[in-house]
Amino acid sequence: MSVLDDVLRETRAGGTVDGVARALGLDAGLVVAALDHWERRGVLLAARPAAGDSCRTCVAPERAAPRPLACAGCPLARA
């Protein structure tokens, strides 16, 4: 597995940027760059919640659809 794959796996498990950086021994900037890569590839969507209301952006999407990063670890978002 690559660092990109590791960051994706940790993020999908609910890790935050800082948490993923600590878990993988990476700089937080590298984690952000990896997440930007996955967003450009259409695998993840950047969370763009309404002011103070991130949960309403996560309507359980189809299995293959990209999910916002805010949905990582949410029990309503399908794996």
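Helices here are DSSP runs of H or I with at least four residues, strands are DSSP runs of E with at least two, and both are numbered from the N terminus. With that wording, the protein chain reads α-α-α-β-β along its sequence, that is, three helices and two strands.

Before I continue, please note that this is a predicted model, in which local features need pLDDT of at least 70 and side-chain atom pairs count only at pLDDT 80 or more, while totals for chains, interfaces and linings use all residues. Residues are numbered from 1 along each chain as its sequence is written, and side-chain values use heavy atoms, with hydrogens and water left out.

I begin with the chain as a whole. A residue is called buried under 20% relative accessible area, exposed over 50%, and partly exposed in between, using a 1.4 Å probe and protein chains only. Of the 79 residues in the protein chain, 24% are buried. The chain exposes about 5,200 Å², and carbon and sulfur atoms supply 55% of that area; accessible areas come from the Shrake-Rupley method with a 1.4 Å probe, and for residues only the protein chains shown count as cover.

Let us turn to the first helix. Helix α1 spans residues 3-12, and its buried residues are D6, V7, L8 and T11. Their cover includes α2 (17-24), α3 (28-40) and β1 (44-45). Why does D6 count as buried? The reason is its relative accessibility, which is 19%. A contact means heavy atoms within 4.5 Å; leaving aside neighbours within four places in sequence, D6 is in contact with M1 and L24. D6 and V31 stand 25 residues apart in sequence, and their C-alpha atoms are 9.8 Å apart in space. Just after α1 comes G14, with a positive phi of about 105°.

The 13 residues of α3 reach 18 Å from first C-alpha to last, close to the 18 Å expected at 1.5 Å a residue; the expected span is 1.5 Å times one less than the number of residues. Within α3, the buried residues are V31, A34, L35, H37 and W38. They lie on the same side of α3 because they cover an arc of only 150° around the axis, the arc being that of the directions from the helix axis to the C-beta atoms. In general, an α-helix has 3.6 residues a turn, so residues three or four places apart point the same way. The cover over the buried residues of α3 includes α1, α2 and β1. At the N-terminal end, D27 caps α3, with a side-chain oxygen 2.8 Å from the backbone nitrogen of G29. After α3 comes G42, whose phi is positive, near 85°.

Finally, I come to the core. A nonpolar core is a set of buried Ala, Val, Leu, Ile, Met, Phe, Trp, Tyr and Cys residues joined through side-chain atoms within 4.5 Å. Which residues form the largest one? There are nine: V7, L8, V20, A21, V31, A34, L35, W38 and L44. Helices α1, α2 and α3 each supply at least two residues of this core, and α3 gives the most, with four.

Conventions
Polar contact = N/O pair within 3.5 Å; in protein donor to acceptor, adjacent residues only side chain to side chain.
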